[in-house]
Amino acid sequence: MEGLINRCVELSQSDASKMEGMSLIHSEDKTQIYRIADKSTGRDGVWCVALVDGVSAKEMVEVFHSQDLKLQWDLSIERSDLLEDVNDTTALYHQVQKRIWPAAQRDFVYTSHKGQVGSDWVVCNVSTETDKVPADKYCRAKIEVVFYCRTVVESGAAATTTDDRSKIKCQIFYLAKIDPGGWIPAAAVQAVAAKEYSKFLKNIASFGQKHFIDKEVAM
């Protein structure tokens, strides 16, 4: 996990458009989605950058990490079960996706860590093997995901402002590599990547803005 988070931090400080192996596959308003080529496995990763008005990094990470909130905005999930609280910042989950016919229904077991990197906030989800949930009912997918958020404060405003959402934005950096399991051609996965990641970013941004609009800003 530490290596993935460090990689995400490094990318957040770089210009993806000038990096080798990165290719822009979607650009819309304040969102860019890049494909990260991986010739060794044939399963490319993605790097997404988005800017969300009126919310903080801490708040958007809560929307991504909270199981209760996630089930309200991510309609691809059938259910998500807590298997174990590892410590105060880390837990083990089993998530089952809704079936998209005619493909097999998929699930994954992952360790999730939530924490801070300086003043930024991060969630890192990585697939984990466990005897608690045998891989015999669904097609087991594997994930490596970092959801990294940075609060951007309007010039001249206090960095710890808690009374004016018009002065803050959240910069989202999302690094992901997903193996859906089973037999799905890499080309088929790539074909839907831009559409699905764009929809994911729109859904979480819209939910976060609506969820926190009447609440005091959490920095």
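Contact here means that heavy atoms lie within 4.5 Å. In the predicted model, and leaving aside neighbours within four places in sequence, threonine 111 is in contact with Met1, Thr90, Ala91, Leu92, Cys124, Asn125, Val126 and Thr128. Threonine 111 itself belongs to strand β6, which spans residues 106-117, and it is buried, with a relative accessible area of 16%. To one of these partners there is also a polar contact, in which the side chains of threonine 111 and threonine 128 are joined at 2.6 Å.

For cysteine 170 the nearest cysteine sulfur is that of cysteine 149, at 3.8 Å, and cysteine 170 takes part in no disulfide, because a disulfide requires a pair of cysteine sulfur atoms within 2.5 Å. Cysteine 170 likewise counts as buried, at 0% relative accessibility. By this criterion the count of disulfides comes to zero.

With regard to the protein as a whole, four helices and 10 strands are present, and from the N terminus on these elements follow the order α-β-β-β-α-α-β-β-β-β-β-β-β-α. The protein has 219 residues, of which 45% count as buried, while its accessible surface comes to about 11,700 Å², with 50% of this area belonging to carbon and sulfur atoms. Among the contacts with a separation of 6 or more, 59% are accounted for by residues 24 or more positions apart.

Notes. Residues numbered from 1 in each chain as written. Predicted model: local features only at pLDDT ≥ 70, side-chain atom pairs only at ≥ 80, totals over all residues. Heavy atoms only, no water. Helix = DSSP H or I, 4+ residues; strand = E, 2+ residues; numbered from the N terminus. Buried < 20%, exposed > 50% of the residue type's maximum accessible area, 1.4 Å probe, protein only. Polar contact = N/O pair within 3.5 Å; in protein donor to acceptor, adjacent residues only side chain to side chain. Areas by Shrake-Rupley, 256 points an atom, 1.4 Å probe, with all protein chains shown as cover.
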